[in-house]
Amino acid sequence: MIKRKPIIIAILFCLVIVIGLTAMIFIKNSTMTSKELPVQHLEQSKIDEAVIGKYISSNHDYWNDALCWGRSEKFSFAVFQNQYNEYQNNLTEIINGVEDQDLKVDFLNAKDLLESANEKKDIKFLIRVHRIFHDLDVKYNGYAASDYFGITQYGKSH
């Protein structure tokens, strides 16, 4: 009976390790490939600076999580396409609610890039979308970052 106790403890220890590793792999795979686009419920009449700032921030966060740190290689265009139309409709609402012409140009550029990414299934267009939202987050929201791509109109004049 005394010899069984170390064996049982060893078996339990191994099971804990296997279960933990399995859970980590599952979580890693599910967060990298199936995160949904940041679709928001926007009302044209209520789009103000705060809504625009939140929209920029949530999109920047999404594209960071979806594309950065090697995740672009595992990006799922199937998941992207499931919400593509609703996402584009949100962006159109933002574009229609923005008064600043430089900001409007940047959002229109992002919309064109999203359309190209959707048509061609090419990640390089989405990387450029991420850079637009990154720069807008830096300039519009004051997001602290050590890098700045300098690709937005809004950043040049504000």
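Biologist: Which residues does H130 touch, not counting those up to four places away in sequence?
Modeller: This is a predicted model, so local features are taken up only at a pLDDT of at least 70. Not counting residues up to four places away, H130 touches H60, W63, N64, L67 and C68.

Biologist: Where is H130 placed, and is H130 buried or exposed?
Modeller: H130 belongs to helix α5. Its relative accessibility is 7%, so H130 counts as buried.

Biologist: Which side chain does H130 join in a polar contact?
Modeller: That of N64, at 2.6 Å. N64 is itself among the buried residues of α2.

Biologist: Let us turn to α2, then. How many residues does α2 have, and how far does the helix reach?
Modeller: Helix α2 covers residues 49-67, which is 19 residues. From the first C-alpha to the last it reaches 27 Å, close to the 27 Å expected at 1.5 Å a residue.

Biologist: Which helices do the buried residues of α2 pack against?
Modeller: They pack against α3 (77-97), α4 (101-120) and α5 (123-141). The buried residues of α2 include I52, Y55, I56, H60 and W63.

Biologist: Why do residues three or four places apart point the same way in an α-helix?
Modeller: An α-helix has 3.6 residues a turn, so residues at that spacing point the same way.

Biologist: What caps the N-terminal end of α2?
Modeller: D48 does, with a side-chain oxygen 3.2 Å from the backbone nitrogen of A50. Just after α2, W69 takes a positive phi of about 60 degrees.

Biologist: Changing topic: how many aromatic pairs does a search of the whole structure find?
Modeller: The search finds twelve aromatic pairs. One of them is formed by Y55 and F107, with 6.1 Å centre to centre and 75 degrees between the planes, an edge-to-face arrangement. Y55 lies in helix α2 and F107 in helix α4, so the pair ties together parts that are 52 residues apart in sequence. Both Y55 and F107 are buried.

Biologist: And why is the pair of W63 and F75 tilted?
Modeller: The ring centres of W63 and F75 are 6.2 Å apart and the planes stand at 35 degrees, so the pair counts as tilted. W63 is in helix α2, whereas F75 is in the loop between α2 and α3, twelve residues apart. W63 and F75 are both buried.

Biologist: Which residues do ring pairs link into a cluster?
Modeller: Ring pairs link Y62, W63, F75, F77, F80, Y84 and Y87.

Biologist: Which residues does N118 contact, leaving aside its neighbours within four places in sequence?
Modeller: N118 is in contact with F80, Q81 and Y84. N118 is found in helix α4 and is buried, with a relative accessible area of 16%. The side chains of N118 and Q81 are joined by a polar contact of 3.2 Å. The C-alpha atoms of N118 and Q81 are separated by 7.1 Å, although the residues are 37 apart along the chain.

Biologist: Over which ring does the charged end of K139 sit?
Modeller: Over the ring of Y148, 5.3 Å from its centre.

Conventions
Residues are numbered from 1 along each chain as its sequence is written. This is a predicted model: local features need pLDDT of at least 70, side-chain atom pairs count only at pLDDT 80 or more; totals for chains, interfaces and linings use all residues. Side-chain values use heavy atoms; hydrogens and water are left out. Helices (H or I, at least four residues) and strands (E, at least two) are DSSP runs, numbered from the N terminus. The expected span of a helix is 1.5 Å times one less than its number of residues. Buried means under 20% relative accessible area, exposed over 50%, partly exposed in between (1.4 Å probe, protein chains only). Contact means heavy atoms within 4.5 Å. A polar contact is a pair of N or O atoms within 3.5 Å; within protein, one must be able to donate a hydrogen and the other to accept it, and residues adjacent in sequence count only if both atoms are side-chain atoms. Rings of Phe, Tyr and Trp (its six-membered ring) pair if their centres lie within 6.5 Å; planes under 30 degrees apart count as stacked, over 60 as edge-to-face and the rest as tilted. A charge sits over a ring if NZ of Lys or CZ of Arg is within 6 Å of the ring centre and within 35 degrees of the ring normal.
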